[in-house]
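Let's take a walk through this model together, moving from its strands to a helix and then to its rings. Please keep the sequence and the structure in view as you read.

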Amino acid sequence: ITGLIFAKWSKQSWVVRNTEELLKYSRNIKTPKIVIKPISQSGGKGVFIIPKSKMREIRFKEELLIQEFIDSSQGVPEVSHGMHDLRLVFVNKKIVYAYIRQPKKGSYLANLAQGGNLQIVPKNKLPGSLGPIVRYANEVFASYEPRVFTIDLMFDKKRRPWIVEL
């Protein structure tokens, strides 16, 4: 649903139920790596980033979500270097805090539960390119009070922000 509401800032995703669907929909993914994750887990549990050439090895127990891999190795503009995700934490209309999660060496998963580390980012240091996303999120969720939510983002090699989770 995030990809539908925030299409301008989201990579397309597909729900797959078996190897045949995985192979079919992965043709739309242009990156050499693919992200595979369960529909309803947290903390990075069950998330895999694999070369597309290894897709036939995936065993299905449940529906999975597949997405294009975002190479975040250039970091967050003017904030950090290296692989990351950036979490914005909102209470009502305001970002109350933000932090970068970086994976441990040899991993792509930045979740703290997966060994990633956390660095608080002062709100005044957040890249200006996030402004349109923040404004749009506040418009979309304006009717909800109170509202508490997070937006996880990654910046690609061109330093463009992408929502990876809401």
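Two strands pair if DSSP finds at least two bridges between them; helices (H or I, at least four residues) and strands (E, at least two) are DSSP runs, numbered from the N terminus. This is a predicted model, in which local features need pLDDT of at least 70 and side-chain atom pairs count only at pLDDT 80 or more, while totals for chains, interfaces and linings use all residues. Residues are numbered from 1 along each chain as its sequence is written, and side-chain values use heavy atoms, with hydrogens and water left out.

Let's begin at strand S8, residues 148-155. On one side of the pairing, strand S5 (residues 85-91) runs antiparallel to S8 and is joined to it by 6 bridges, with valine 91 opposite valine 148. Strand S9 (residues 161-165) is also antiparallel to S8, through 4 bridges; here aspartate 152 of S8 faces glutamate 165. The hairpin of S8 and S9 has 5 residues between the strands, and in it arginine 159 adopts a positive phi near 70°.

How well covered is S8? Of its 8 residues, 6 are buried, where buried means under 20% relative accessible area, exposed over 50%, and partly exposed in between (1.4 Å probe, protein chains only). Aspartate 152 counts as buried because its relative accessibility is 2%. Beyond its neighbours within four places in sequence, aspartate 152 is in contact (heavy atoms within 4.5 Å) with Leu86, Arg87, Arg101, Trp162, Ile163, Val164 and Glu165.

Now turn to helix H2, residues 19-26, whose buried residues are Glu21, Leu22 and Ser26. These lie on the same side of H2, because they cover an arc of only 120° around the axis, judged by the directions from the helix axis to the C-beta atoms. They pack against strands S1 (13-16), S2 (33-38) and S4 (64-68).

Finally, look at the aromatic rings. Rings of Phe, Tyr and Trp (its six-membered ring) pair if their centres lie within 6.5 Å; planes under 30 degrees apart count as stacked, over 60 as edge-to-face and the rest as tilted. The whole structure holds 9 aromatic pairs. One of them, tyrosine 97 with tyrosine 99, is stacked, at 6.0 Å centre to centre and 20° between the planes. Tyrosine 97 is partly exposed at 40% relative accessible area, whereas tyrosine 99 is buried at 10%. Ring pairs also link Phe6, Trp9, Phe90, Tyr136, Phe141, Tyr144 and Phe149 into a cluster.
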